[in-house]
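Please look through the structure shown here, and keep the sequence at hand while reading. The paragraphs below go from a single residue to the sheet, the pockets and some points of backbone geometry.

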Amino acid sequence: MATSTREEIKVGAMAIRFLVDGEQSAGAVAVFEFDVPAGAKVAAAHSHDGYEETIYGLEGVLTWTVEGTATEVGPGEALFIPRGAVHHFDNTRDVDAKALAIVTPGILGPDFFREVAAILDATAGGPPDLAAIGEVMRRHGLTPAQ
């Protein structure tokens with residue numbers, strides 16, 4: 001199923017656009033691209049036990065730390081993140097980055113990002129409600145790292 005328009009979900013400074021969601025693939029895969037401005041605050045370290053995630057670099061360079069090992073992912077490079085692996089990413093460069101995420105099976109969807117965005121928007125630039133974000137993460141299959 002092809003889509004002609006893609007909703008852009010703004011989560012802080014990041015933008016997420018789903019290309020394929022779990023409903024479109026009968027739960028097999030979810031695919032989204034995401035933009036990470038230079039120096040943007042991004043998701044806290046976390047893991048997910050219900051799915052794998054593969055990252056494919058499109059523009060710029062993101063530094064992914066998986067189980068304590070940092071790997072730079074640039075255009076044309078890929079990184080596989082297995083279930084249960086604690087990971088996070090940063091854009092420490094001076095240029096914006098864009099990457100593609102492939103989630104298998106496709107159980108992570110746009111609702112996760114919409115819910116986190118709503119929590120961030122409600123703080124109007126103040127500190128985010130980390131407990132509320134943690135609840136959203138757990139509800140969508142992500143486990144915040146301790």
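Does glutamate 7 count as buried, partly exposed or exposed, and at what relative accessibility? Glutamate 7 counts as partly exposed, because its relative accessibility is 43%, where buried means under 20% relative accessible area, exposed over 50%, and partly exposed in between, with a 1.4 Å probe and protein chains only. The model is a predicted one, in which local features need pLDDT of at least 70 and side-chain atom pairs count only at pLDDT 80 or more, while totals for chains, interfaces and linings use all residues. Residues are numbered from 1 along each chain as its sequence is written, and side-chain values use heavy atoms, with hydrogens and water left out.

Glutamate 7 sits in the segment before β1; helices (H or I, at least four residues) and strands (E, at least two) are DSSP runs, numbered from the N terminus. Setting aside residues up to four places away in sequence, glutamate 7 touches Ile16, Arg17, Phe18 and Arg114, contact being heavy atoms within 4.5 Å. Between the C-alpha atoms of glutamate 7 and leucine 19, which are 12 residues apart along the chain, the separation is 9.4 Å.

From this segment the reader can turn to the sheet. An open sheet is formed by 6 strands in the order β1-β2-β3-β10-β5-β8, with antiparallel pairing, where two strands pair if DSSP finds at least two bridges between them. Its edge strands are β1 (8-11) and β8 (78-81), each of which pairs on one side only. Neighbouring strands of this sheet are turned by 25° against each other on average, direction ignored; axes are lines fitted to C-alpha atoms, for helices over the stretch in contact, and angles run from 0 to 180 degrees between N-to-C directions.

Strand β5 (residues 52-59) is joined by 7 bridges to β10 (residues 97-104), and the two run antiparallel; here glycine 57 has alanine 99 of β10 as its bridge partner. β5 is also joined to β8, by 4 bridges and again antiparallel, and glutamate 53 stands opposite isoleucine 81 in β8. In a regular strand the side chains alternate between the two faces of the sheet. In β8, Leu79 and Ile81 make up a covered face, whereas Ala78 and Phe80 make up an uncovered one. Helix α1 (residues 110-122) lies across β1, β2 (14-20) and β3 (30-36), and runs at about 45° to β1.

Where is empty space left around these elements? Rolling a probe the size of a water molecule over the atoms shows where empty space is left. The largest pocket has a volume of about 910 Å³. On a 1 Å grid over the protein atoms alone, a pocket is an open set of points where a 1.4 Å probe fits, with protein on both sides within 12 Å along at least five of seven lines, and lining residues have an atom within 4 Å of a point; grid points are joined across faces, edges and corners, and a volume is the space filled by probe spheres set on the points. Of the 37 residues lining the largest pocket, Val11, Val42, Ala43, Ala44 and Val116 are the closest to its centre. At least two lining residues come from each of β2, β3, β9 (87-90), α1 and α2 (130-139). By class this lining has 24 nonpolar, 9 polar and 4 charged residues, with Ala, Val, Leu, Ile, Met, Phe, Trp, Tyr, Cys and Pro counted as nonpolar, Asp, Glu, Lys and Arg as charged, and the others, Gly among them, as polar.

The second largest pocket holds about 330 Å³ of space. Of its 21 lining residues, the closest to the centre are Phe18, Asp21, Gln24, Pro110 and Arg114. β2 gives the largest share of this lining, 4 residues, and the lining divides into 8 nonpolar, 7 polar and 6 charged residues.

Some points of backbone geometry remain. Most residues other than glycine have a negative phi, and most peptide bonds are trans. Alanine 26, in the loop between β2 and β3, has a positive phi near 55°, and alanine 26 counts as exposed because its relative accessibility is 75%. Glutamate 67, found in the loop between β6 and β7 (69-73), has a positive phi of about 50°. A cis peptide bond, with omega about -10°, joins threonine 104 and proline 105, and proline 105 lies in the loop between β10 and α1.
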